[in-house]
Amino acid sequence: MRRAKGKLTNFNWTLVFLAGVFQILTFVFDQFVIQYEEKLRKVNFDIITNSESRSAYLSMNNRVNEFLLAFQNTVFIVSASTFSEDKKKFYYFSNIFDQTRLMEDIINDQMVIEGLRDKKIKTTDTSSEELNQKEFSFAEYFQYLIDENHWLTGELEKDPDFVVVFTDKDGNDTESSALETTKAYVEHNNYYLQDLLDTMAELGTNASKDLDKLINESSKIENRKQLMLLFGVVFQLLSLLCLLILFRGLLIYKKSKI
């Protein structure tokens, strides 16, 4: 008995074509989803990094603010007090010790120093005889302040009543007692710690703005990814629907020939 030859109608060919097109579209949108997932992974990594940077800035900002307030209060109270010279030197020496430890922590915090990389401090270059103005990085200048504090500490340990002689450009000598020198160092350190505080506040604000932008970008990418995923599922279902209609038609045609 000879088998009847099956024949696909134009409608069936159209269903095959549409099933193929929908399958291709499904693949295309799946690729979009993969690309958006890669973008989302990168943005989420940037969010984590930026969040850690902001936390580091805020933490260091709070710490510097607390120490700076204590240092400034010490200068104000001790200057207006009737404490003996030795007691005043003790309070200022304690501040020098705390300031040095704080600045060492600052320059050892790589995340903070990285954020301060493009920020500069313009001040007098004491290493040159002309005392010209020079730009220093925060890490470089704070290391200089630390070295100066160590020198002062060493001088105080050797002779609590040492005298420093300064020579100005005109060749005139000026003497400064240990108390005056120590107080001047504390106030000098406070000035640059205040500069650091202002800069850290600016960095924290910028980090918060960048974090908001990254979160919004992450949300947009996630929404687009979900949309592409939805389109992929829709086209996959349409492809299956076309094949279902095709097979149903073929089965009906086969039964009608039996």
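## Terms and basis of the model

A salt bridge is a pairing in which a side-chain nitrogen of Lys or Arg lies within 4 Å of a carboxyl oxygen of Asp or Glu. By this definition, D86, K89 and D161 are linked in a network of salt bridges.

The structure is a predicted model, in which local features need pLDDT of at least 70 and side-chain atom pairs count only at pLDDT 80 or more, while totals for chains, interfaces and linings use all residues. Residues are numbered from 1 along each chain as its sequence is written, and side-chain values use heavy atoms, with hydrogens and water left out.

## Overall architecture

The protein chain contains five helices and four strands. Helices (H or I, at least four residues) and strands (E, at least two) are DSSP runs, numbered from the N terminus. Along the sequence, these elements follow the pattern α-α-α-β-β-α-β-β-α.

Of the 258 residues in the protein chain, 33% are buried. Buried means under 20% relative accessible area, exposed means over 50%, and partly exposed lies in between (1.4 Å probe, protein chains only). The protein chain exposes about 17000 Å², and carbon and sulfur atoms supply 57% of this area. Accessible areas come from the Shrake-Rupley method with a 1.4 Å probe; for residues, only the protein chains shown count as cover.

A contact means heavy atoms within 4.5 Å. Among contacts between residues at least 6 apart in sequence, 73% join residues at least 24 apart. V233 is located in helix α5 and is partly exposed, at 43% relative accessibility.

## Nonpolar cores

In soluble globular proteins, nonpolar side chains tend to be buried together. A nonpolar core is here a set of buried Ala, Val, Leu, Ile, Met, Phe, Trp, Tyr and Cys residues joined through side-chain atoms within 4.5 Å. The largest nonpolar core has 27 residues, and those with the most contacts inside it are V64, I106, L116, F142, L193, L196 and M200. The elements that give two or more residues to this core are α1, α2, α3, α4 and α5, with α5 giving the most, seven residues.

Leaving aside neighbours within four places in sequence, L196 is in contact with V64, I106, L116, F138 and F142. Apart from this core lies another, of 16 residues, among them Y36, V43, I47 and M228.

Helix α4 comprises 21 residues (residues 138-158). The expected span of a helix is 1.5 Å times one less than its number of residues. The buried residues of α4 include F138, Y141, F142, L145 and N149.

In helix α1, N12 is buried, with a relative accessible area of 9%. N12 touches L246 and L250, not counting residues up to four places away in sequence.

## Salt bridges

A search of the whole structure finds eleven salt bridges. One of them joins E38 and R41, whose closest N and O atoms are 2.8 Å apart. Both residues lie in helix α1 (residues 10-80), three residues apart, about one turn of the helix. E38 is partly exposed at 47%, and R41 is partly exposed at 48%.

A salt bridge also connects R101 with D98 (3.6 Å, N to O). These two residues lie in helix α2 (residues 85-108), three residues apart, about one turn of the helix.

The side chains of K119 and E202 meet in a further salt bridge (3.2 Å, N to O). K119 lies in the loop between α3 (110-115) and β1 (120-124) and E202 in helix α5, so the pair ties together parts that are 83 residues apart in sequence.

## A nonpolar patch on the surface

F11, L227, L230, F231, V234, L238, L241, L244 and I245 form a nonpolar patch on the surface, with about 780 Å² of accessible area together. Patches are made of residues with over 30% relative accessible area and no salt bridge; like charges are joined within 9 Å, and nonpolar side chains (Val, Leu, Ile, Met, Phe, Trp, Tyr) within 5 Å.

The largest share of this patch, eight residues, comes from helix α5 (residues 178-257). L238 lies in this helix and is partly exposed, with a relative accessible area of 31%.
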